[in-house]
Amino acid sequence: MRIAVIGGGPGGLYFAALTKALHPESEIRVWERNAPDDTFGFGVVFSDETLGGIEHADPVIHGRMAERFARWDDVDVHFRGTVTSVGGQGFAAMSRKDLLRILQERCAELGVRVDFRTQAPDVDALARDSDLVIAADGANSAVRTKYADVFGPTVDLRRNKYMWLGTDRVFDAFKFYVCETPYGVLQVHGYPYDAGHSTFIVEMHDDVWRRVGFADSLGRTFAPGVSDDASIARIREMLGEVLDGHAVLANNSKWQSFPTVTNRTWRHGNVVLLGDAAHTAHFSIGSGTKLAMEDALALVACLHEQPDVPTALTAYEAERRPVVVSTQRAAQASLEWFENIGQYVGQAPEQFAFNIVTRSRRITYDNLKLRDPEFVAGMDRWFADEVGSGEVRPPMFQPFRLGRLELANRVVVSPMDMYSADDGMPTNFHLVHLGSRALGGAGLVMTEMVCVSPSGRITPGCAGIYTPEQEAAWARVVEFVHARSDAKIGLQLGHSGRKGSTKLMWEGIDEPLPDGNWPVVGPSAVPYSPDNQVPRELSRAELDAITAEFVACAEAGARAGFDLLELHCAHGYLLSSFLSPLSNRRTDEYGGSLENRLRYPLQVFDAVRAAWPGERPTSVRISATDWCEGGTDVEDAVAIARAFAEHGADAVHVSTGQVVKDERPAFGRSYQTPYADRIRHEVGRPLGVAVIAVGAISSYDDVNSILLAGRADLVAVGRPHLYDPHWTLHAAAEQDYAGPGATWVPQYRAGSRKPPSGRTDGPPPRLQLIREPDRGTRHARWRPGGDARP
């Protein structure tokens, strides 16, 4: 093969070396516009997993890298005069310049031609004359720009400003310094990369950056390779304690905003993007160099395994894209955490440290238990003291007081529509469904959205509480839950609005009934989708009538014995559609500004709160974003949550979306939790209102992580409770917890231990136990002149 590589960075060079080693007959040429000893930046850091792949792919390169590594295990969080160390992480870093030299030397040994200080020929010409063109030309890729109509790039320029620097202070671990200044919070990410140097990044929100005065640099032009000396002098002055008298080193160091790069595809004919040209991930979760080298390794393997270049490129993208998407999702969570770091500085140092190390959701409570069990045990003790339970247990099993309502634990069975009512009447299905989840150990079990009128139903299978018979049926469910379990049960009330008169979920979710069945209403005559009915815009008299329906149903719920009432103001149903500007186009006092759009939902809430017993709590479920341009987003959600809290809500249940058909949600594990986190810190904690997180939270590990980091007070778990009605109790068994937070009813107590399974491993030999004792958590630190040592 004839292969052209545009870009002589680590990704391009590593690809060239691996391919040439595997196929010596290949003709490979690399073009690099910079000199061989030019490099911008200081160190690069690798995970153990990546290093394992590098070692197997080319032991020569790995061996030379290993000779240069700085290794350590700890992450130190410096915050408010404290240092919290979290061990067992496993890092290896080296000088970027050394890495490039190793790769350049390996390419030369193998016969790869590398042209430095040379601009690559036109990519069209290279594509004609080569079997394969590798575009490894970085985040500002010219190749990607030229074929933008094919690659479909997007570049999301983030809000924080950062600068990459070096120092001759040798850190002995990965360092987070969180500095509270008169201008706001800035953070330093730092790590050692050789015996005499460390690299560090100074990062701060754009608002803080401007208050410090760094915006003066916007008026200056810096030539390539020239650093912003004035800003660096100011940084040196501000970080005296961090630097401890050591020098600050610059290398093309100037203020930047991080660009998150994505592409619709990485392939165009025989041209393929690699590394930063294809994707970027925020520096706070690792190295772009690491991702680029992993790309190179995967591409070489696919070219070797597949019969031709087109098939190989398809296989390469199919293999790498899921990995990259997952990495970028974690990076997005991490960078947003740092963009909002100011909201966390009120946390105790212990919780702040746990929060920062779990910010990307890749490191979790259970994961830390394996890495540093002493740290997690200390956090469990801290949380027990913080909540005042007096007993150390997994965070999810700590009790919670919601208003005057005592919950045995912090797990909520999320409201889930079952579409199994008979003309609005709850059936035995509801008794069994909710009863079994109550027996399953959750602290609070929520009904599905219970509708306030026949025309307020979503589907013909939706339940109501607008007749005496329905009220009696619900009372039967409540009586069972109270008599047979320690769970509390909440009633969610709602009106379908413009999303009503649709088929059962399994017949076609949100699809209109064939005959229209009943007319739908909304704030404006804007249908949910082109296929759905156009709603009739509600008059003031009709709004008052619907408010009265909510009040009557709340009173019925109170008589039925429900412990909590939740008002459904999410997912595009009636009250939610008033909140969103995408569905509310009114020009009266109920439309326009957010204050006006809130007016009717708040009127309903006030009326319901007045009708609901004062000793029983209320909750409001909201969609924190519409996932659509022009709709509500997190800033609106904070204001909405604050308004309901000020009107007396005891809890805010934070969901997202389902407001418009053309939404584009960023699905992923716990993907809605950042919204709950923001609302808890800006509304929940200041106003004493509980925040419930929900959405793709499927493991008890995630529940514990969310609670311990302070991202929510309660966690609603939905589909896992469909998979396993006893999910909460089984989570207790998995964690070897038995106590008041997880009560098995007497009839099931014999099954409270995890059933034994076939043994697949034997006990280690006795001599091995003597020779290899458990030494606990690795807390190795980087010590220049030798291996990392405890």
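Two strands are taken to pair if DSSP finds at least two bridges between them. Helices (H or I, at least four residues) and strands (E, at least two) are DSSP runs, numbered from the N terminus. The structure is a predicted model, in which local features need pLDDT of at least 70 and side-chain atom pairs count only at pLDDT 80 or more, whereas totals for chains, interfaces and linings use all residues. Residues are numbered from 1 along each chain as its sequence is written, and side-chain values use heavy atoms, with hydrogens and water left out.

Under these criteria, 3 strands form an open sheet in the order 3-7-4, with antiparallel pairing. Strand 3 (43-46) and strand 4 (70-72) are the edge strands, each pairing on one side only. From one strand to the next, the twist averages 25°, where axes are lines fitted to C-alpha atoms (for helices over the stretch in contact) and angles run from 0 to 180 degrees between N-to-C directions. Strand 7 (residues 91-95) is joined to strand 4 by 3 bridges, and the two run antiparallel; Arg71 has Ala92 in strand 7 as its bridge partner. Strand 3 is joined to strand 7 by 4 bridges, again in the antiparallel sense, and Val44 stands opposite Met94 of strand 7. Accessibility is classed as buried under 20% relative accessible area, exposed over 50% and partly exposed in between (1.4 Å probe, protein chains only).

Strand 16 pairs with strand 17 (residues 271-273) over 2 bridges in the antiparallel sense, and the bridge partner of His268 in strand 17 is Val271.

Grid points are joined across faces, edges and corners, and a volume is the space filled by probe spheres set on the points. The second largest pocket has a volume of about 1500 Å³. It is lined by 42 residues, of which Asp156, Gln332, Glu336, Trp627 and Ala666 are the closest to its centre. Two or more lining residues come from each of strand 10 (153-167), strand 15 (256-263), helix 12 (309-339), helix 22 (634-646) and helix 23 (673-687). Helix 12 gives the most to this lining, with 10 residues. By class, the lining of the second largest pocket comprises 15 nonpolar, 11 polar and 16 charged residues, with Ala, Val, Leu, Ile, Met, Phe, Trp, Tyr, Cys and Pro counted as nonpolar, Asp, Glu, Lys and Arg as charged, and the others, Gly among them, as polar.

The structure holds 0 disulfides, a disulfide being a pair of cysteine sulfur atoms within 2.5 Å. The cysteine sulfur closest to that of Cys569 belongs to Cys451 and is 14 Å away, too far for a bond. Cys569 is buried, with a relative accessible area of 1%, whereas Cys628 is partly exposed at 23%.

Positive phi values occur at two residues described here. Phi of Arg361, a residue other than glycine, is near 70°. Arg361 is found in the loop between helix 13 (349-357) and helix 14 (365-371) and counts as buried at 16% relative accessibility. Asp736, also not a glycine, has a positive phi of about 55°. Asp736 lies in the loop between helix 26 (727-734) and helix 27 (766-771) and counts as exposed at 72% relative accessibility.

Arg128 lies in helix 5 (residues 123-129) and is exposed, with a relative accessible area of 64%. Arg128 and Asp724 are 596 residues apart in sequence and 57 Å apart in space, C-alpha to C-alpha.

Technical notes:
1 Å grid on protein atoms, 1.4 Å probe; cavity = no way out; pocket = protein on both sides within 12 Å on 5 of 7 lines; lining within 4 Å.
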